[in-house]
Amino acid sequence: MSFQTLFVSALLMVGCSSSTEDIIEPDTPKVEKDIQVSIGFSGEILNITESPLSRSTDAKDWYAFQVYSAPEDGSEGYSYYAYGFFDNKENMIINLKEGYKYKFDVCMVVDGSEKVYKFSLVNAGWASIGNSFYISSDEHVRYMYEGYLYLKSNDTYDRPNVDRFFGRTTDYVPTEGGKVDINMKRVSFGAKFVAKEFTGGNLEISVEGAPIINLAASEGSETQEIISFNNLEKAYTSTTEYSESIPVNITWVKTDGIRIPIASESVAFKRNKLTTIEFEIKESTSRSTFNLNTDETMETGETISIGGDGANTEVNPNT
């Protein structure tokens, strides 16, 4: 083999070696995969047809969602991911990212279309039903965990007179075609007022934080409402029977316009129970006695009596 041939072969070998070493494989970007899942509900919400108050046939339930996300490996805590306001369950479909786990909080107002004006966002203010999830790490639902609502009466209340449910699912890892099951619990209570010896005038019944209840003698001697608790999250997460001690004031407005205070007591209203409050209409300046009965209209309960001195005494409901 000649020197010239050896020289050319050497150049070829060096060229091949050099070109092989200079090849740099490009990094393949990691593509986040969207996984579409739907929403389903379970728990006490399935029994709302047994509510002590009749439901409107045309009204729609309103739902408010707050969704959080966190890396599945636990390297970070939960942060805002999405929100949405709905009146149609069929639209409750959301795209979730692979590699993350999720927390869903939802509040539902029974017959919300007839009772609630709007929900509220922290940045954008009052918001209407959109029937879609909006992805946002900044915007989120205001008053999500409080009773506070803007009603169609153009007033806001800490304990609005609505039947309400709250639910939560934590650490949900999305799968193709999956469904998020959210267990719902009622976060409201029933209040029934029965007036004895009520023959004329009008009653103004005030449950703190709720709209005034008016009852005219011409309309009968009793009325009832379902009222939302003020602390929705605590009512949902409580491992014991949840209740809120709420001041109740009753004023009798006589036909001549004279106002007579009838009773003023704090009543322990219990979650998912209807408390019946009986009282007498008297001309006397002394306070009337409250008789309270936690009825089984919503769920079985006990009977208690609250005297004029504010003492609580158990009473056998069968006597």
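Where is the place of Gly-99 in the chain? Gly-99 sits in the loop between strand 4 and strand 5, with helices (H or I, at least four residues) and strands (E, at least two) taken as DSSP runs and numbered from the N terminus. The model is a predicted one, so local features need pLDDT of at least 70 and side-chain atom pairs count only at pLDDT 80 or more, while totals for chains, interfaces and linings use all residues. Residues are numbered from 1 along each chain as its sequence is written, and side-chain values use heavy atoms, with hydrogens and water left out.

Back to Gly-99: with a relative accessible area of 38%, this glycine is partly exposed. Here buried means under 20% relative accessible area, exposed means over 50%, and partly exposed is in between (1.4 Å probe, protein chains only). Setting aside residues up to four places away in sequence, Gly-99 touches Pro-71 and Glu-72, where contact means heavy atoms within 4.5 Å. Asp-34 is 65 residues from Gly-99 in sequence, and the two are 10.0 Å apart in space, C-alpha to C-alpha.

As for the chain as a whole, it holds 3 helices and 22 strands. Of its 319 residues, 44% are buried. Among contacts with a separation of 6 or more, 65% are between residues 24 or more positions apart.

An open sheet is formed by 8 strands in the order 4-1-12-11-5-2-3-8, with mixed pairing. At its edges are strand 4 (93-97) and strand 8 (134-135), each of which pairs on one side only. Two strands pair if DSSP finds at least two bridges between them. Strand 2 and strand 5 (residues 100-109) run antiparallel and are joined by 10 bridges.

Gln-66 belongs to strand 2 (residues 62-71) and stands opposite Asp-105 in strand 5. Its relative accessibility is 1%, so Gln-66 counts as buried. Neighbours within four places in sequence aside, Gln-66 is in contact with residues including Tyr-80, Lys-103, Phe-104, Asp-105, His-140 and Met-144. Its side chain also reaches the backbone nitrogen of Val-141, at 2.8 Å.

Then there are the charged pairs. A salt bridge is a side-chain nitrogen of Lys or Arg within 4 Å of a carboxyl oxygen of Asp or Glu, and by this rule the count comes to 14. One of them brings together the side chains of Asp-163 and Arg-186 (2.9 Å, N to O). This pair links distant parts of the chain, 23 residues apart: Asp-163 is in the loop between strand 10 (156-157) and strand 11 (164-172), and Arg-186 is in strand 12 (residues 179-186). Asp-163 is buried, at 5% relative accessible area, and Arg-186 counts as buried too, at 7%.

Glu-204 and Arg-259 also meet in a salt bridge through their side chains (2.7 Å, N to O). Glu-204 lies in strand 14 (residues 202-207) and Arg-259 in strand 18 (residues 259-270), so the pair ties together parts that are 55 residues apart in sequence. Glu-204 is partly exposed, with a relative accessible area of 24%, and Arg-259 is partly exposed at 48%.

Lys-273 and Glu-241 make another such pair (2.4 Å, N to O). Lys-273 is in the loop between strand 18 and strand 19 (274-280), while Glu-241 is in the loop between helix 3 (232-237) and strand 17 (243-253), 32 residues apart. Lys-273 counts as buried at 6% relative accessibility, whereas Glu-241 counts as partly exposed at 44%.

How values were computed: Polar contact = N/O pair within 3.5 Å; in protein donor to acceptor, adjacent residues only side chain to side chain.
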